[in-house]
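Subject: Structure for you to look through

Dear colleague,

I am passing on the structure below, together with some notes on what turned up in it. Please keep it open while you read, so that you can find each residue as it is mentioned.

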Amino acid sequence: MYYFYEKDENLAFLKEKISDIKIALFKSEINSELTLPNNIIQTLRVEEDGTIWFFTTCKGNYARFIDKSFYAYLSYYKKDTGCRLQLGGKAIIVDNSYEGLLSSGENDSEGYTSVLVQMKIMQAEYVENKVLGDYTWTDKIKTAINNFFVSPSHRVYNFS
């Protein structure tokens, strides 16, 4: 019972961080001739089970020929807070009209097509670089040495 509570608590933490940052770099790992390009995405929704919904784009109309299931990465970073969230998981290309998430599916003026993707979080790594404001040099050195051995702001999660 403790394990499930901890897992739910970790997912809630990740969901909160994803909602705060919203923007991520998307990278796919597809074993095919046709791949989705690395690009910037905006998170549409994060579900309670750790599924993330977002649109990505690809050149032309070749999205229908890409493997529908693949492994992907999302890298969230927010400069103001100094936190970084790296997610990895199984991604699936879904129909653009699924559950009211709308996209025309047509090419825009530059020839890019929107593709709806859902990704289930399997691994997550969270790092927060705390900014030391008006601390003395001695305090900064102590903090640096402590963080070298044990970083309390570095968390790794495995959901698989």
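K22 counts as partly exposed, with a relative accessibility of 41%, and it lies in the loop between α1 and β1 (23-29). Please bear in mind throughout that this is a predicted model. What is the phi of K22, which is not a glycine? For K22 phi is positive, at about 70°, and this deserves a second look because most residues other than glycine have a negative phi.

Next come the charged side chains. How many salt bridges does a search of the whole structure find? The search finds two, and one of them is made by the side chains of K15 and E48, with 2.5 Å from N to O. This pair links distant parts of the chain, since K15 is in helix α1 (residues 2-21) while E48 is in the loop between β2 (39-46) and β3 (51-59), 33 residues apart. K15 is partly exposed, with a relative accessible area of 24%, whereas E48 has a relative accessible area of 63% and is therefore exposed.

The side chains of E47 and R45 also meet in a salt bridge, here with 3.5 Å from N to O. E47 is partly exposed at a relative accessible area of 25%, and R45 is likewise partly exposed, at 27%.

The structure holds three aromatic pairs, and one of them joins F13 and Y126 in an edge-to-face arrangement, with 5.1 Å from centre to centre and 90° between the planes. F13 lies in helix α1 and Y126 in strand β6 (residues 112-128), so this pair ties together parts of the chain that are 113 residues apart in sequence. Are these two residues, F13 and Y126, buried or exposed? Both F13 and Y126 are buried.

Another aromatic pair, formed by F26 and F54, is tilted, with 5.3 Å from centre to centre and 55° between the planes. Because F26 lies in strand β1 and F54 in strand β3, the pair ties together parts that are 28 residues apart in sequence. F26 counts as buried, its relative accessibility being 0%, and F54, also at 0%, counts as buried too.

T81 has its place in the loop between β4 (69-78) and β5 (83-94), and it is partly exposed, with a relative accessible area of 37%. Which residues does T81 touch, if those up to four places away in sequence are not counted? T81 touches E128 and N129. Although T81 and E128 are 47 residues apart along the chain, their C-alpha atoms are separated by 7.8 Å.

Finally, please turn to the surface, where W137, I141 and I145 form a nonpolar patch with about 370 Å² of accessible area together. W137 is found in helix α2 (residues 137-149). Why does W137 count as exposed? The reason is its relative accessibility of 67%, given that a residue is called exposed when this value is over 50%.

Notes
Residues numbered from 1 in each chain as written. Predicted model: local features only at pLDDT ≥ 70, side-chain atom pairs only at ≥ 80, totals over all residues. Heavy atoms only, no water. Patch = residues over 30% accessible without salt bridge, like charges linked within 9 Å, V, L, I, M, F, W, Y side chains within 5 Å. Areas by Shrake-Rupley, 256 points an atom, 1.4 Å probe, with all protein chains shown as cover. Salt bridge = Lys/Arg side-chain N within 4 Å of Asp/Glu carboxyl O. Helix = DSSP H or I, 4+ residues; strand = E, 2+ residues; numbered from the N terminus. Buried < 20%, exposed > 50% of the residue type's maximum accessible area, 1.4 Å probe, protein only. Contact = heavy atoms within 4.5 Å. Phe/Tyr/Trp six-rings, centres within 6.5 Å; stacked < 30°, edge-to-face > 60°.
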